[in-house]
Amino acid sequence: MGLRLLRKILVPFAAIVVAASMATLLMGRSHVASPTSTPSPSQFSLTAAGSASRKAQLQTGYQLFQVHCSFCHGTRADGSTGIAPNLQGLGPGVVQLWLRTGWMPLKTPGAQPDNKPPAFNDTQIREIALWVASLKKGGVPFPPKLHLNKANVAQGFSLFTLNCAPCHTITGAGDALADGYHAPPLKAVTRHEVYEAVRSGPQNMPQFGPKNITPAQLRDIIKYVVKYIKHPVSPGGISLGGVGPVAEGFVGLFIGVGGCLLAAYWVGDRTERGSEEDQGSGEGPAGEREASHA
Ligand code: HEC
Ligand code: HEC
């Protein structure tokens with residue numbers, strides 16, 4: 001009797017757990033499958049503005065900056081307003097990264113920069129970056145042509161594990177950091193964004209110069225990020241959204257344990273029904289078999 005009551009509670013519970021786990025799994029997958037706002041590398045072209053003359057590019061960049069950036073960063077991008085940092089000498093790669101990720105322009109000075117669709121097209125971004133870079137030399141350049149054919153993915157994986165996974169997680173899903181910051185997911189980043197982020201170290205991310213990560217090592221990391229983090233290979237079967245070992249273990253545990261509970265109930269129910277019939281009819285299993293043969 002007690003057993004039956006227990007099962008009455010256990011079965012719906014197990015069914016709910018399995019259903020919930022399946023739902024989480026599916027939701028996780030659709031979330032990962034949906035493309036984020038970051039544009040694809042094919043939209044990116046270093047020669048997009050190649051036809052326009054240098055002077056015209058600087059002029060447009062200057063105008064865009066005055067309209068969209070100067071009230072925070074100052075008309076000379078020197079941070080003279082006191083509400084936003086000096087951009088002089090950071091290099092065009094940094095400006096390009098902050099605009100392509102949608103981190104800039106900020107709506108209000110206190111807001112935390114977050115990934116959004118870029119406010120400008122690639123040509124405009126390049127023009128703004130060129131103008132800011134024209135004020136002072138140095139800093140992070142535009143990314144060079146990144147030939148990834150010879151890059152070593154295995155090497156990239158171990159470098160990523162060592163230098164990047166502590167914040168971005170091993171699957172590149174991103175994670176929360178201290179003080180309300182978060183390391184963003186890397187599933188939709190372009191090779192140029194990886195280059196610029198590693199070389200410039202935005203916000204809470206450390207800056208890795210060529211002494212920490214050589215150009216060849218950086219190519220290895222970039223290849224690993226854009227080839228494998230974007231399109232993860234799951235030799236163990238379904239990837240469960242690549243959310244990390246703890247969450248995945250949780251899903252596995254619930255589906256596994258929930259499934260076992262259901263199976264145990266099914267088996268238990270059959271045996272119990274069998275033994276009830278035995279008692280009721282007073283016939284053994286052999287008699288039953290004979291009856292069914294007749
Ligand atoms: C509402 C004010 C505001 C506007 C408008 C704005 N910025 Fe910023 N910008 C900031 C603040 C504040 C930071 C510092 C953010 C941080 O580090 O958390 C920043 C940081 C940056 C950085 C990174 C600086 C560094 O030290 O790494 C770049 C590059 C940048 N802005 C470029 C631009 C450009 C280009 C525009 C115009 C398209 C723009 N910003 C518009 C406020 C603004
Ligand atoms: C200490 C933590 C930390 C480490 C280590 C770290 N990052 Fe980051 N990373 C961040 C944070 C925080 C941001 C977001 C910065 C922002 O929003 O301004 C970021 C941003 C990025 C971005 C831009 C993402 C986007 O949305 O476009 C890329 C690409 C990136 N990191 C790659 C790397 C790589 C590759 C490594 C290893 C070489 C690495 N990071 C190591 C914390 C870290």
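**Around ligand 2**

I sorted the shell around ligand 2 by class and got 20 nonpolar, 6 polar and 1 charged residues (Ala, Val, Leu, Ile, Met, Phe, Trp, Tyr, Cys and Pro count as nonpolar, Asp, Glu, Lys and Arg as charged, and the others, Gly among them, as polar). This is a predicted model, where local features need pLDDT of at least 70, side-chain atom pairs count only at pLDDT 80 or more, and totals for chains, interfaces and linings use all residues. Residues are numbered from 1 along each chain as its sequence is written, while chains are lettered from A and ligands numbered from 1 in the order in which they are written.

Which residues come nearest to ligand 2? I found Cys164, Cys167, Ala197, Gln203 and Met205, out of 27 around it (near: C-beta atom, placed from the backbone, within 6 Å).

I then checked the helices (DSSP runs of H or I, at least four residues, numbered from the N terminus). H7 (165-168), H8 (191-200) and H9 (215-229) each supply at least two shell residues, and H8 gives the largest share, 4 residues. Ligand 2 lies between domain 2 (39-141) and domain 3 (143-236), because both give residues to its shell; the bounds come from an automatic or database domain assignment.

**H6 against H9**

I looked at helix H6 (153-163) next: it packs on H9 at about 90 degrees, axes 7 Å apart (lines fitted to C-alpha atoms over the stretch in contact, angles from 0 to 180 degrees between N-to-C directions). The two are therefore roughly perpendicular, a term for 65 to 115 degrees. Their contact has 8 nonpolar, 3 polar and 3 charged residues.

Notes: Angles under 35 degrees count as roughly parallel, over 145 as roughly antiparallel, 65 to 115 as roughly perpendicular and the rest as oblique.
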